[in-house]
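Q: I'm new to this one and would like to learn how to read it. Could you take me through it feature by feature?

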Amino acid sequence: MSIAEEVECLRRIPLFANIDTSKLKLLAFTSERMSFRAGDVLFHQDDTGTCAYILMSGEAEVMVNGPGGPVPVATLASNEIVGEIAILCDVPRTATVRAATDLETLCVPKDHFFQLITEFPQMGLEIMRVLAHRLEQTTLRLREVLSGQR
Amino acid sequence: MESSIFQFILRHSTRHQVVLTIMTLASFPFLYASLDLPKRIVNEAIAGKKLPETFLGFHLDQVSYLWVLCGLFLILVVLNGWFKYIINTYKGRLGERMLRRLRYELYVRVLRFPLPRFRKMSPGEIIPMITAEVEPLGGFIGDAIAIPVFQGGTLLVYIAFIFIQDPVLGAAAVSLYPFQGWLIPRLQRKVNQLGKQRVRAMRQIADRIGETVSGIQEVHTHDTAAWHLADLSHRLGDVYDIRFEIYQRKFFVKFLNNFINQLTPFFFYAIGGYLVIHGRLSFGALVAVLAAYKDLAAPWKELLDWYQQKEDNRIKYEQVVEQFHVPDLLEDRLLSAEEDLPLRGTLTFQNVGFGEDGGSRVLEAVSCDIPLDGHTAVIGIGSGRDELAQLAARVLLPSSGQIRLGETDYTSLPESVTGRRATYVGATPYLFSASLYDNLVYGLRHRPMRAGEHEEPPERRRRRLSESMLSGNATYDTRADWIDYAAAGCDGPADLKARILKVLTLVNLDDDVYAMGLSRTVDPEQRPEVASAVMEAREAMRAMLEENPDLGRLVERFDPARFTMNSSVAENLLFGTPVGPIFQPDALASNPYVLHVLDKVGLTDRFLEIGHKVAETMVELFAGLPPGHEFFERFSFIGFAELPEYQALLARTAKDGLGALRPAERTRLMSLPFRLIPARHRLGLITPEGEKRLLEARRVFAEDLPADLRGAVAFFEPDTYNAAASIQDNILFGKLVYGQAQVHSKVGRILADLVNRLHLRDIVMEVGLDHPVGVAGSRLSAAQRQKAALARAMLKRPDVLILSEATSGLDTASQNKVHSAIMEDRKGCGLIWVLHRAALARAFDRVIVLKDGRIAEQGRFEDLSKPGTVLHEMMAAE
């Protein structure tokens, strides 16, 4: 898969949807391609995060440590990004992510991600928008949950 | 050491000086004859007066007589020249021997300096003294006696000659010499003082430069370059002033001399001319006297120059030697004696004090017993701990009090005992600029043990040996095997290597040395066993990678028939490792042979196109970034500074096409594709068709390679060891695949398993021992240096091992590991350990607690660790 395809893939991710092609190309070029075999672990819960992964093909499982061992909480597919929380704010990984099938990812190191945001504020704005959107969604759900409890 | 240069000369070279003087005197008659002969040629043979009837029993006519005299003259010229040649050679040799002796003696003194001396004297001062400052002395020593004798003799001969011709003229010729002899030393005295000042000033400059080099980090940290520049400029200014004044005075002396010398001919022309006119002196005699006087000026000038030189060298010698006259120099016996005495029993400190002259005492009234079969911990607050350790190792000598070993005075033991039976390791040990192996066995090299192999012919060796003796130098053979295997408990080199590996494991340096070994290259001709073991490992690696596809995915092996996606295009073309600069990746685009190969397979245009695309992509990706952004360094094929040029180039090719490029621009574009690594850069520029063409180019490159370039590349051949590649690369024989998670650590593990399985680890570590540690060990980390120094000390198996915070640079995990390994290894043997944490003293038999240079308490740990003790207090504070 070449840079051009990676850029196409990035474009389909909401976080990057409105960002210039040339910037995405730069992001792709400076990121490393990383393949995982089914069963390989991308990162463990509570590790320090150094990069975010963009799934290009294959599926990954998100698992959270429960009292009786890891509990699968979600499945991710292509064009999704995982691990971005740990690189945006310095918190340990909130879950373990494991490759469910053979997996192709683009690994975006934390410092590159930040450098790109500093160089191209438009990208920062875009991310702010996406995060605000997510916050709004979360708040909405919280409200639903709270009203359901009552 | 002799305090004046003449004492030094007479003490060590009287015989030679006498021989020189005899040779010089022997040359006089010939010199005199060569002066007399011209007069006879002019007066007798040419003028035809007083023609002798017979000459040596032969009857000769005037012309034959002229031939004979001229023949004689020619013989004399040759003889005089020969004398000069012999004497000069002899002088030169004598001077060099004496210089060698002087330097050697100074160096011996450096070795005998008491350690505190080095706090006052820097290498910057010592080095120029032994090397540059004494250099002119060599030239002078040969001349010291010979010149005054020779030139003085010559002068006397000339003067005598003139006196014989005419006493009055003779008196006239030398009339001003007494005046000169009185005046010149007076003028010289001031020059001498200035000379002394100059030497001192130069030494300080050397010292400052040395300090700047050592403290260069601080200079940059604190932005003090300007201050240092000003300081140096000021000092250079001082030297300039001194030198300028020296010149003025020196040349004034010269001017005065010349003037006085020119006065004398005045007397000759006046008085001599008068005498000739009145017939009281023959014309021939006046000519000869004038000729002699012309020659007189030369030796006289030489004598005066010699005097100036003598003064100059006298001062140089005295100024150097006085620096090496240290009152408490170590006795020579301590360094040279060959004694052996096991260090057993108890080391007893009685009222020991240590401090610098006039300074405060770091240790005061220390009295303690240290049993040499047990483990003693030294801890404390304030100064003196390290000094106590160094005193116990006899590296330092006490300023007051006594250290006894049973009945023996410990401080009077020679280093052949203390330097072999005891070993001290400090916190910042020194490593010498050599291989790690040489540094580890350093502590076993006390004296030559076995004759070594020599390439030199024995004749030359004998000559060099006798030359060493003539200069009073050491006659030890550096090529001999100096390693004392028995001291390390080994019976030979192979056994020693095995023991070194054990010790390395003990100090936790084994993994580091293994890693060093993996990244080193080995010459398969010199070490065929390593090469064949590595080839075996390569084969095993190949089998493993082929059997297990999960592992096979991690490494892309080199295959002559396949394009390596994880290698750069340059590497794919060469299919080998460049040796030397010719085929380095950056040089390929301008290498005529490489261009020829590309042409031949028809790749040149394709390369240009790819280069053009790469340039386009780079400009597109990186043009928006600010200058100096780290992405340029890490990812871009083009530096920020070059961007505008590439932009212009691209704009022009867009208009006129690639054909319009200038040669330099073509090279520039051609250089880009070589750096492409298809699997990493993913630009999609190397198509399957391109791969095929590049493989063709690879084949042509190897086939057509001219003989003179054959040495510039070591090809990858599946069945041959690659001498230019590291052991690791030789085993892998391929590239790590980009984009495989944790590929480095995974392959590292596979490699380590493989190496262990094939019992290769020891071989790799042995290769790692060849790793050069750099100047003062700078190519090792601080922790590695400490571990290496520990290993060096343990290898010696000393009776008592003295450690002073010798593991402070290690991380806690390896510190714990190394501590317990050392304690275990030293069970039942002497161990004195200055600890940086009081709690660590728990494992020791005895504890000595220092407070501000005095012993606060000593005894068993259990007895001391009660509330109210200093030890308890210290542990509470940790």
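Predicted model: local features only at pLDDT ≥ 70, side-chain atom pairs only at ≥ 80, totals over all residues.

Q: Which residue stands opposite Val62(A) in E5(A)?
A: Ala74(A) is the one facing Val62(A) there.

Q: How do strands hold on to each other in a sheet?
A: The general idea is that backbone hydrogen bonds pair them, either parallel or antiparallel. Here, E4(A) and E5(A) belong to an open sheet of four strands, with the order E2-E7-E4-E5 in chain A and antiparallel pairing.

Q: Which strands are the edge strands of that sheet?
A: They are strand E2 (41-43) and strand E5 (69-76) of chain A, and each pairs on one side only.

Q: What about sheets in chain B?
A: Take the open sheet of six strands in chain B, which runs E8-E15-E16-E5-E17-E18 and has mixed pairing. Strand E8 (422-425) and strand E18 (854-859) of chain B have a single partner strand each, so one side of each has no neighbour in the sheet. Between neighbouring strands of this sheet the average turn is 15°, direction ignored.

Q: In which sense do strand E5 and strand E17 of chain B pair?
A: In the parallel sense: E5 (residues 375-381) and E17 (residues 846-851) of chain B are joined over six bridges. To find a spot in that pairing, look for Gly380(B), which stands opposite Leu850(B) in E17(B).

Q: Which helix packs on this sheet?
A: That's helix H12 (residues 385-392) of chain B. H12 touches E5, E8, strand E15 (800-804), strand E16 (830-834) and E17 of chain B, and its direction makes about 160° with that of E16(B).

Q: Which residues meet between H9(B) and H10(B)?
A: From H9(B), they include Asn257(B), Pro265(B), Phe268(B) and Val276(B). From H10(B), Phe283(B), Leu290(B), Tyr293(B) and Trp300(B) are among them. By class, this contact of H9(B) with H10(B) has 11 nonpolar, four polar and no charged residues.

Q: How would another pair of helices look?
A: Go to helix H2 (residues 62-112) and helix H4 (residues 135-143) of chain B, whose axes come within 7 Å and cross at roughly 130°. H2(B) and H4(B) are therefore oblique to each other. H2(B) passes H4(B) in a right-handed crossing. Gly92(B), Gly95(B) and Leu99(B) are among the H2(B) residues in the contact, and the H4(B) residues include Gly138(B), Gly139(B) and Ile141(B). Six nonpolar, five polar and three charged residues make up the contact of H2(B) with H4(B).

Q: Is the crossing of H22(B) and H24(B) left-handed or right-handed?
A: Left-handed. Helix H22 (residues 604-622) and helix H24 (residues 643-656) of chain B have axes that come within 10 Å and cross at roughly 125°, so H22(B) and H24(B) are oblique to each other. His612(B), Ala615(B), Glu616(B) and Val619(B) in H22(B) meet a set in H24(B) that includes Tyr646(B) and Leu650(B). The classes in the contact of H22(B) with H24(B) are five nonpolar, three polar and one charged.

Q: Let's zoom out. Which domains does the assignment give for chain B?
A: It gives domain 1 (5-324), domain 2 (346-439 + 778-877) and domain 3 (559-715). The centres of domain 1 and domain 3 of chain B, taken over C-alpha atoms, are separated by 67 Å.

Q: How many residues does each chain put into the contact between chain A and chain B?
A: Chain B gives 13 residues and chain A gives 16 residues. On the chain B side, they divide into seven nonpolar, three polar and three charged.

How values were computed: Residues numbered from 1 in each chain as written. Chains lettered and ligands numbered in written order. Axes fitted to C-alpha atoms, helices over the stretch in contact; angles between N-to-C directions. Helix = DSSP H or I, 4+ residues; strand = E, 2+ residues; numbered from the N terminus. Parallel < 35°, antiparallel > 145°, perpendicular 65-115°, else oblique. Left-handed = near helix turned anticlockwise from the far one by under 90°. Contact = placed C-beta atoms within 7 Å. Nonpolar A, V, L, I, M, F, W, Y, C, P; charged D, E, K, R; others polar. Domains from an automatic or database assignment. Pairing = 2+ DSSP bridges.
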